[in-house]
Amino acid sequence: AKGAAEVKLPEVTFKVRIAGARGLHGADKSGLSDPYCKISIDGFPKIDFKTKTIKANINPVWNEDFTITGSFDIKTGKIRFSLFDWDMISRNDSLGCVFVAFEELQGGPFSKWFPIVKCDSPSIKFKGELYLQFAWGI
């Protein structure tokens, strides 16, 4: 007997607005950061969106919209928002992450402040919050 056929997940499209953040970690000597935010989803290397960098600000406002389409596992999958402090010379410092489970998006459009956590230990809160707005469809 053959193994079960792989279930093809339906393609879904959702929109996310990375509105802004507040109370970010000040990674530079000035106590400020030059923050930007990246979107990624495990297993989907083509999904690699990024906001512009806002200089010398720990309460940045981006208001940037991204439309993301793919055959995501909406039962177990999650979207990763990685915040970085842009540096001209050294490696960009992590300002933490926000992980949003696709399951959280099931109820239709919503927006809220998400606490920023440590990227490698999501149970540990980092500094600040990220304001995100989500909607399904095009």
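A: Two strands pair if DSSP finds at least two bridges between them; strands (E, at least two residues) and helices (H or I, at least four) are DSSP runs, numbered from the N terminus. The model is a predicted one, in which local features need pLDDT of at least 70 and side-chain atom pairs count only at pLDDT 80 or more, whereas totals for chains, interfaces and linings use all residues. Residues are numbered from 1 along each chain as its sequence is written, and side-chain values use heavy atoms, with hydrogens and water left out.

β2 and β5 pair in the antiparallel sense over 7 bridges, and P35 has D85 in β5 as its bridge partner. Of the 7 residues of β2, 5 are buried, where buried means under 20% relative accessible area, exposed over 50%, and partly exposed in between (1.4 Å probe, protein chains only). β8 is antiparallel to strand β1 (residues 12–22), with 8 bridges between them, and A21 has L130 in β8 as its partner. β7 and β8 form an antiparallel pair over 7 bridges, in which S111 is the partner of Q133 in β8.

The aromatic rings come next. Rings of Phe, Tyr and Trp (its six-membered ring) pair if their centres lie within 6.5 Å; planes under 30 degrees apart count as stacked, over 60 as edge-to-face and the rest as tilted. By this rule there are 12 aromatic pairs. One of them joins F44 and F72 edge-to-face, at 4.7 Å centre to centre and 70° between the planes. This pair links distant parts of the chain, 28 residues apart: F44 lies in the loop between β2 (35–41) and β3 (49–50), and F72 in the loop between β4 (61–70) and β5 (78–85). F44 is partly exposed, with a relative accessible area of 26%, while F72 is buried, with a value of 2%. Another edge-to-face pair is that of F114 and F134, 6.3 Å centre to centre with 85° between the planes. It connects strand β7 (residues 110–117), which holds F114, with strand β8 (residues 125–136), which holds F134, 20 residues apart. Both F114 and F134 are buried. F44 and F72 also belong to one aromatic cluster with F14, F102 and W136.

Charged groups also meet rings. A charge sits over a ring if NZ of Lys or CZ of Arg is within 6 Å of the ring centre and within 35 degrees of the ring normal. The charged end of R22 is placed in this way over W113, 3.7 Å from the ring centre, and that of K50 over Y36, 4.8 Å from the centre.

Finally, the cysteines. A disulfide is a pair of cysteine sulfur atoms within 2.5 Å, and the count comes to 1. C97 and C119 form this disulfide, with their sulfur atoms 2.1 Å apart. The torsion about their S-S bond is about 95°, so the disulfide is right-handed. The bond links C97 in strand β6 (residues 93–101) with C119 in the loop between β7 and β8, 22 residues apart. C97 is buried, at 0% relative accessibility. C37 is also buried, with a relative accessible area of 0%, but its sulfur is 8.6 Å from the closest cysteine sulfur, in C97, too far for a bond.
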